[in-house]
Amino acid sequence: MKFDRHFGIYGGQYVAETLMPALTELESAYREAASDPAFQREYAGLLRDYVGRETPLYFARRLSEYCRGAKIYLKREDLNHTGAHKINNALGQALLARRMGKKRLIAETGAGMHGVATATVAALFGMECDVYMGAVDVARQAPNVERMHALGARVVSVTDGGATLKDAMNEAIRVWTARCDDTFYVIGTAAGPYPYPGIVRDFQSVIGREARQQILEHEGRLPREVIACVGGGSNAIGIFAGFENDPDVKLSGVEAGGAGIATGRHAASINGGRIGILHGAKTYLLQDENGQVIDTYSVSAGLDYPGVGPEHCFLADCHRAVYHVADDEEAVAAFDLLAHLEGIIPALESSHAVAYAVKCAAEYSPEENIIVNLSGRGDKDMDNIRTYKESRKNGSNC
Amino acid sequence: MDRIAEIFHRCRRGNRRALVIFTVAGFPSFPACEEALEKAVSAGADIIELGVPFSDPMADGPVIADAGRRAIEAGCTLPGVLELAERFRKRHPETGIILFSYMNVMFHYGLEALCAELQRIGVDGILAVDLPLEEREELAAPCRAHGLHLIALLAPTTPPERAARILESASGFAYFVCVRGVTGVREGVESLLPEELRRIRSLSPVPVVAGFGIGSGRTASAVAAEADGVVVGSAFVGAQESGDPEALVSELARSIRAPKTEC
C-alpha cells in the first residue's frame, strides 16, 4: 500500500510550521512501529482479546431476498467493543502514543464514536484524554458524551463556526499546536495532514483483510461490489484496502446527501465539492464562492464533515472507486429496513451504505455477492431518528 | 533594492527595529480597517500584514479568529482585500505590504492569478500560515515569477537543521513564531526566545522578525533586542475593537526605537 505524502495531487502537510516537527516525529515512530513485529503482535492481540475481532461477515438473507438480487453480506464492525470500527484505529494510535512516550491523548469527534473509542483506549493505557466535540454534536449525541465521561475523559464543547466536526478538529489542532511535546493527537478519520491518512488506513485495513478472506470462505468467490459510507472515509478506506488489488471488485463509497445535493444542505464533498485545503490536506471540499468552508448538513453527525480523506479523492479521480450519495430520507428508510428485516440496528452513518446497497443489489444475480461495511451500531441514534421522523411528520402536515 | 530590503536598511540606519502590524483586513469593516491602518502608519508601522480571513483559522487564537469571523460576516472576500491593498499602496508607496493568508482562500482564487494581481498592485509578498517547507514550492514558483517574497516561518519547535533548510529559501524576511501555540497576547514571551532567535538570526540571509504573543511595548522591547523587527497582531486587532490603535502603535514604535542592550 502507498505510504506517501501525497495521493496524486491530494493530501500533503498544510499545517503551521510549529506542528511540522510533531508530524515528522509521528512519521518516523509509525514507520518503526509498522515494521516492528512486537508492536504488530501486541496490536493484533488486543484486537482479538479486547476489541473482539475478527468481526463476523454475516449473510443478510432476508435483506437479500427483499432486494431480489445479489447476496448481501454485512461486515459487522458494529460488533466491535465500543460499537464501531473507530476502535481499530484508536487502539493502534494509542499504542503508538505509548511507544512515543506521550501521556495525554486528544481527539476530535462528530458522532462521538471516535471520542468514545479514544476515551476507551486512554483508560486502557492509563492516559489522560480530552475530546473536542462541536456543541451541536454534544446535544445530538448525548449518550456518547455520557460514555466518554464514564470512561474518565474530559469532553470539551466547541462553539465556533457550525459547532460540528470540523470545528472540533480546528480546536483539537490548536490545542495540539500548543502542546505537541506531551500530547498525541488521535485523528479519527482518514483525513488530516500526512502521515495521518495512511496511518488511519493501515489500522483500519484489518476490516478489508478479514472481509476478503471471509467472503472467499463463504462463497469461494470475491464480491462484485464493496460498499461503505464516507464522511472523512476511515471505514471505507479500511475495507477498500482489502480489495484494492482485485480490479474486478467495484469499490463504492456513499456520501451523505443530507436534504439533497440540490438544496446545498449536504455533506457530499466528492459529489458536491471543489478541490481545496482543510485540516492539513488537499481534498475535495465544500466551500463557497470565496473559498470559505461551508457548514455541512447530514442527519448523521459522523458524516457531517466538509472534506474527505485524500486517498478517496485520488481513488475518485482515477475511477478506482465510485462515490454515490444517499440522502437523509434514504438513510433513515435503510435504518428501518435493516432493523425490521435482520434485527440489526445500524448507525445512521452505516445506514447510508445500506441505502445504496439496497438499490445496487438488484443489478446482480443471486449467485453473486456484495459486501456492505456495517461500520457501527445505531443505539446512539435513537433520539435522532425519532426527532427526524417527528419533524418529517409535522412538515408534511402543514 | 526592493521595498522590503529598503525598509530594513532604513531601520538599521535609524538604529531601530522594523515594526510590523498585522490586522484582519476588512475588520470590523473595510473603511474602519483602513482608518486604523492610516493611524498605524502615521504612528510608525513599517510593514503592514493584511490578514485574509478564513472560516477555519486553525493557527489563530480567539481574538484574530473572532475578528476574521466577523469580517467574513461583514462581506470580506479576497478580491475585497486586494482592493484595500491597492488603495493603501497608492497612499503609501514606501510601506511594506504582506498578504497573510491560509492556503485555501488563495488556492480557490488561483495562485498564479493571485500572484500576478499582487505584483500589479505592488504588494511585496505573501505569508501563508499553513504552508511549511514541504508544500512551499506550489506557491513559491508563482511568487518567484511575479517578484514576490514568500515569507518563511520558523517556530520554537523547529530543529536547527530544519531551520537551516527553511532559511536557504527565505526571501524578504523570515518570521520567527515566538510561542508554541496559536496567535494571541501572552505574558512572559520574551523569556523563551533569546537563544533560539539569536541562533536563527545568525543563520539567516534575510532579516528576522519575531511575532505571536507580543502585545505591549515592554515585550516588544525585549524581543527587539534579538530581532530585526517585531510583529504585533492580536493586540492591534484588540485595540481596533476597544482601544486606541494609534496609541498602541506609538508605544510599540517607541519601545523598539533604541533596543535595550544588556545593562
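User: How far apart do the centres of the positive and negative side chains of chain B lie?

Analyst: This is a predicted model in which local features need pLDDT of at least 70, side-chain atom pairs count only at pLDDT 80 or more, and totals for chains, interfaces and linings use all residues. Side-chain values use heavy atoms, without hydrogens and water. Chain B carries 27 positive and 35 negative side chains, where Lys and Arg count as positive, Asp and Glu as negative, and His and the chain ends are not counted. With each charge placed at NZ of Lys, CZ of Arg, CG of Asp or CD of Glu, the separation of the two centres is 5 Å.

User: What radius of gyration does chain B have, and why does it agree with a compact globule?

Analyst: The radius is taken over C-alpha atoms, and the globule rule is 2.2 Å times the number of residues to the power 0.38. Because a compact globule of 263 residues would have a value near 18 Å, there is agreement with the value for chain B, 17 Å.

User: What share of the residues in chain B is buried?

Analyst: Buried means under 20% relative accessible area, with a 1.4 Å probe and protein chains only. Among the 263 residues of chain B, the buried share is 61%.

User: Which residues touch the most other members of the largest nonpolar core?

Analyst: Such a core joins buried Ala, Val, Leu, Ile, Met, Phe, Trp, Tyr and Cys residues through side-chain atoms within 4.5 Å. This one holds 193 residues, and those touching the most other members are B:Ile21, B:Ile126 and B:Leu139.

User: Which helix gives this core its largest share?

Analyst: The largest share is eight residues. They come from chain A, in residues 196–219, which form helix α9.

Note on methods:
Residues numbered from 1 in each chain as written. Chains lettered and ligands numbered in written order. Buried < 20%, exposed > 50% of the residue type's maximum accessible area, 1.4 Å probe, protein only. Helix = DSSP H or I, 4+ residues; strand = E, 2+ residues; numbered from the N terminus.
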